[in-house]
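Have a look at the picture before reading on.

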Amino acid sequence: MSIIPDNYELQPAETVPIKKPEAREQARLVAALRCRWSKIENLALRPVVFHVPNGGSRNALEGANLKTQGVLAGVPDLAIVMPFGEMIWIEMKADTGSRSKKQIDLHDHFDKLGHEVITAYSAEEALDKLRKRVRQ
């Protein structure tokens, strides 16, 4: 069994009660990954996916506090901790969205550190790219 779900395991987009396309696609992706991975009994082989909540609107004080605590502009939306010390990063974009200058610069830095950042415009595209990236 592959650790990356098949596209048919994704919840239909129209049934996800999130209006923003990027957030909806990310939620579909995370749900499918967590569902598949929850069936892996050996924790040493079970990946962990989590969202890095850098975006969103905040007041100036909260923004300053988060920056002081380590929030970094450009960090990809999702981090996946894989077995054997591997990390996979995913940047989700809506429809025709593009990466910001800070994202491009930081993602290039990640690449130089040996950490590829996958950019995807749908949950299906993210799964397709993960299948090509992950050792099966």
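Which strands does helix α1 lie across? Helix α1 (residues 21-37) lies across β1, β2 and β3, and runs at about 160° to β1. A word on ground rules: this is a predicted model, where local features need pLDDT of at least 70, side-chain atom pairs count only at pLDDT 80 or more, and totals for chains, interfaces and linings use all residues. Residues are numbered from 1 along each chain as its sequence is written, and side-chain values use heavy atoms, with hydrogens and water left out. Helices (H or I, at least four residues) and strands (E, at least two) are DSSP runs, numbered from the N terminus. Angles run from 0 to 180 degrees between N-to-C directions, with axes as lines fitted to C-alpha atoms, for helices over the stretch in contact.

**The sheet**

Four strands make up an open sheet with mixed pairing, in the order β1-β2-β3-β4. At the edges sit β1 (48-51) and β4 (117-120), each pairing on one side only. From one strand to the next, the twist averages 20°. Two strands count as paired if DSSP finds at least two bridges between them.

Strands β2 (residues 78-81) and β3 (residues 87-92) run antiparallel and are joined by four bridges; here Ala 79 stands opposite Trp 89 in β3. On to the next pair: β3 and β4 pair in the parallel sense, also over four bridges, and Glu 91 stands opposite Thr 119 in β4.

Strand β4 is covered on both faces: Val 117 and Thr 119 are buried on one side, Ile 118 and Ala 120 on the other. Buried means under 20% relative accessible area, exposed over 50%, and partly exposed in between (1.4 Å probe, protein chains only). Helix α4 (residues 123-133) lies across β2, β3 and β4, running at about 150° to β4.

Arg 28 belongs to helix α1 and counts as buried at 6% relative accessibility. Leaving aside neighbours within four places in sequence, Arg 28 is in contact (heavy atoms within 4.5 Å) with Leu 10, Gln 11, Pro 12, Ala 13, Val 16, Ala 123 and Glu 124.

Val 134 lies in the segment after α4 and is buried too, with a relative accessible area of 8%. With neighbours within four places in sequence set aside, Val 134 is in contact with Ile 3, Ile 4, Met 82 and Ile 88. Val 134 and Ile 88 are 46 residues apart in sequence but 8.9 Å apart in space, C-alpha to C-alpha.

Most residues other than glycine have a negative phi.

| Residue | Phi | Place | Relative accessible area |

Val 48 is found in strand β1 and is partly exposed, at 44% relative accessible area.
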